[in-house]
Amino acid sequence: MKARIWPALLAIYVVWGSTYLAIRFVVEEMPPFLSAGTRFLVSGAILVAWQRLRGSPAPSRREWGAATIIGLFLLLGGNGGLVWAEKIIPSGIASLFIGATPLWMALLDTFRPGGIRLNWLTWAGVLIGFSGIALLANPWANGLDGLHLDPWGVIVLLLAALSWSAGSLYSRKAHLPDSPLMGTGMEMLAGSAGLFMFGSLVGEWGQLELSTITSRSLLGLLYLITFGSLVGFVSYTWLLR
């Protein structure tokens with residue numbers, strides 16, 4: 001188990017760190033929610049089909065319900081908010097705001113029934129962490145070294161981190177298939193459905209111009225499907241278990 005944990009952690013630290021730049025390349029020419037929906041539709045279909053071919057049983061309705069809740073929190077609220085925000089916030093800065101995720105998880109866990117209560121030292125760490133985020137947002141000045149951050153982008157990033165935290169905590173006790181890969185694939189499919197529906201509601205299909213999509217955006221999307229989803233997200237959901 002330890003031999004698997006360290007490569008999974010390394011995949012999150014290194015691979016996911018690179019996906020912020022890949023997302024930036026993708027949203028240069030593609031609508032954010034539709035591109036994210038495509039990413040998770042492809043990767044989720046691959047995982048579910050692979051597990052079914054290997055003999056994993058068909059998921060129950062209860063398992064689909066749990067996977068849908070997790071997928072909507074993680075991928076529509078969490079990743080969808082990040083992808084949208086990266087159109088107006090630099091990718092490196094966006095990654096720092098998403099760093100609020102463990103702070104939100106600590107707060108949510110301490111207030112939920114049966115959660116782990118924070119001691120004074122952890123409370124101090126959470127307060128210092130949010131103070132750092134407030135300093136990064138810099139709402140009292142005209143910008144940090146000439147960098148002006150769109151306030152809506154900052155708000156959406158913080159809400160995305162909150163949504164990701166809620167989905168992560170829920171997944172710990174959720175009724176999912178025994179196969180982690182099957183459960184992850186189901187979450188991806190459910191999240192992609194939510195992303196496509198939301199993208200349709202905000203009129204992204206009218207913004208999609210296939211002829212203007214550059215090779216850089218396509219390569220970024222391919223990178224997100226393979227490394228961001230099939231390596232990074234799979235490692236994350238496995239570690240949550």
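Modeller: Buried means under 20% relative accessible area, exposed means over 50%, and partly exposed is in between, with a 1.4 Å probe and protein chains only. This is a predicted model, where local features need pLDDT of at least 70 and side-chain atom pairs count only at pLDDT 80 or more, while totals for chains, interfaces and linings use all residues. Residues are numbered from 1 along each chain as its sequence is written, and side-chain values use heavy atoms, without hydrogens and water.

Colleague: Fine. Is Trp104 buried, exposed or partly exposed?

Modeller: Trp104 is partly exposed, because its relative accessible area is 21%. Phe130 is also partly exposed, at 23%.

Colleague: How many aromatic pairs are there?

Modeller: Ten. Rings of Phe, Tyr and Trp (its six-membered ring) pair if their centres lie within 6.5 Å; planes under 30 degrees apart count as stacked, over 60 as edge-to-face and the rest as tilted.

Colleague: And how do the rings of Trp104 and Phe130 sit?

Modeller: Their centres are 5.1 Å apart and their planes at 70°, so the pair is edge-to-face. Trp104 belongs to helix α5 (residues 101-111) and Phe130 to helix α6 (residues 120-137), 26 residues apart. Helices here are DSSP runs (H or I, at least four residues), numbered from the N terminus.

Colleague: Which residues form the aromatic cluster?

Modeller: Trp16, Phe40, Trp164, Phe233 and Tyr236.

Colleague: Changing topic, where is Ile88?

Modeller: Ile88 lies in the loop between α3 (61-85) and α4 (91-98). Ile88 counts as partly exposed because its relative accessibility is 35%.

Technical notes:
Helix = DSSP H or I, 4+ residues; strand = E, 2+ residues; numbered from the N terminus.
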